[in-house]
Amino acid sequence: MKKIIIAIDGYSSCGKSTMAKDLAKEIKYVYVDTGAMYRAVTLYAMRHGLISGNTVDSAALEKAMKDISVTFQFNAAAGRPDTYLNGELVEQDIRTLEVSSHVSDVAALPFVRSAMVEQQQAMGRNKGIVMDGRDVGTTIFPDAELKIFVTARADIRARRRYDELRAKGQEASYDAILENVRQRDYTDTHRAVSPLRKAADAIELDNSNMTIAEQRDWLISQYKKAAAE
């Protein structure tokens, strides 16, 4: 089979990262979580006092972008890559609800997207890559051989996120998470730069009532079709 680029886009908390990681591991492709990259930039902004309430100090963040490096290192024990911010392991730090509440605003900034897209495109030059995010199939790799757009009901996505945080021992409020999911949906689909939308040639997957095993079988089937063409 030929090497291809697989772009998985969709709404927050749809399980995109999990399915993308599992697919990459199964077919021995490189996995890149674009959402983690924006979360890392958001964490940087929070740590450096560049976010106050719901306001991002965009001028200061733009100046700081040259000092922000987001990389991935494979974690053999976990069987997946971990996210590093300027050489520091931040995989757990970027998954908090606080980061989630600000990431859409940071990701909507044109200079942030430009910097991250440049890094992401460089990662896919040799193909053999699975990348998930909001605009992979529309902006980063518009010519990707396989594009998947993932969706699920907001209440189901909130429940998944709640269960995930509780499983990690973190305090969480289902109502707060549901509100965050709805706010992120609105922000992601209404931002001026690279809004979340389904690419014309993307295959939609509503996984509201699917098991992980069913998703896996469906994705493998789509991959085999695309890679054989």
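# Burial, salt bridges and packing

Me: Does Arg113 count as buried or exposed?
Reply: Relative accessibility settles this, and buried means under 20%. The model is a predicted one. Arg113 has 3% relative accessibility, so the residue counts as buried.

Me: Which residue forms a salt bridge with Arg113?
Reply: The closest N and O atoms of the pair are 2.8 Å apart. A salt bridge needs a separation within 4 Å. The partner of Arg113 is Asp135.

Me: How many residues apart in sequence are the parts that Arg113 and Asp135 tie together?
Reply: Arg113 and Asp135 form a salt bridge. Arg113 sits in helix H5 (residues 110-123), while Asp135 is in the loop between strand E8 (129-133) and helix H6 (136-140). The pair therefore ties together parts whose separation in sequence is 22 residues.

Me: What is the relative accessible area of Asp135?
Reply: Arg113, its salt-bridge partner, is buried. Asp135 is buried too. Its relative accessible area is 0%.

Me: How many salt bridges does a search of the whole structure find?
Reply: The pair Arg113 and Asp135 forms a salt bridge. So does the pair Asp155 and Arg153, with closest N and O atoms 3.1 Å apart. Asp155 is partly exposed at 31%, and Arg153 is partly exposed at 45%. For the whole structure, the search finds 18.

Me: Which residues are linked in a network of salt bridges with Glu26?
Reply: The side chains of Arg216 and Asp217 meet in a salt bridge, at 3.1 Å from N to O. Arg216 is partly exposed at 39%, and Asp217 is partly exposed at 48%. The network links Glu26 with Arg216 and Asp217.

Me: Which residues does His102 contact, leaving aside its neighbours within four places in sequence?
Reply: His102 is found in helix H4 (residues 97-107). It is buried, with a relative accessible area of 10%. With those neighbours set aside, the contacts of His102 are Thr42, Met46, Ile51, Gly53 and Asn54.

Me: Which residues stand opposite Ile8, in E8 and in E9?
Reply: E1 runs parallel to E8, and 5 bridges join them. E1 also pairs with strand E9 (residues 146-151) in the parallel sense, over 5 bridges. Opposite Ile8 stand, in E8, Asp132 and, in E9, Ile148.

Me: What describes the packing of H7 against H8: an oblique or a parallel arrangement?
Reply: Helix H7 (residues 154-167) and helix H8 (residues 174-190) pack at about 125°, with their axes 9 Å apart. Roughly perpendicular ends at 115 degrees and roughly antiparallel starts over 145. H7 is therefore, relative to H8, oblique.

Me: What is the handedness of the H7 and H8 crossing, left-handed or right-handed?
Reply: Residues of H7 including Ala158, Tyr162 and Leu165 meet a set in H8 that includes Ile177, Leu178 and Val181. The crossing of the two helices is right-handed.

Me: What is the phi of Asn86?
Reply: Most residues other than glycine have a negative phi. Asn86 lies in the loop between E6 and E7 and is partly exposed at 41%. It is not a glycine, yet its phi is positive, at about 50°.

Me: Where does Lys127 lie?
Reply: Lys127 also has a positive phi in a residue other than glycine, near 60°. At 36% relative accessibility it counts as partly exposed. Lys127 lies in the loop between H5 and E8.

Key
Residues are numbered from 1 along each chain as its sequence is written. This is a predicted model: local features need pLDDT of at least 70, side-chain atom pairs count only at pLDDT 80 or more; totals for chains, interfaces and linings use all residues. Side-chain values use heavy atoms; hydrogens and water are left out. Helices (H or I, at least four residues) and strands (E, at least two) are DSSP runs, numbered from the N terminus. Buried means under 20% relative accessible area, exposed over 50%, partly exposed in between (1.4 Å probe, protein chains only). Contact means heavy atoms within 4.5 Å. Axes are lines fitted to C-alpha atoms, for helices over the stretch in contact, and angles run from 0 to 180 degrees between N-to-C directions. Angles under 35 degrees count as roughly parallel, over 145 as roughly antiparallel, 65 to 115 as roughly perpendicular and the rest as oblique. A crossing is left-handed if the near helix is turned anticlockwise from the far one by less than a right angle, and right-handed if clockwise. Two strands pair if DSSP finds at least two bridges between them.
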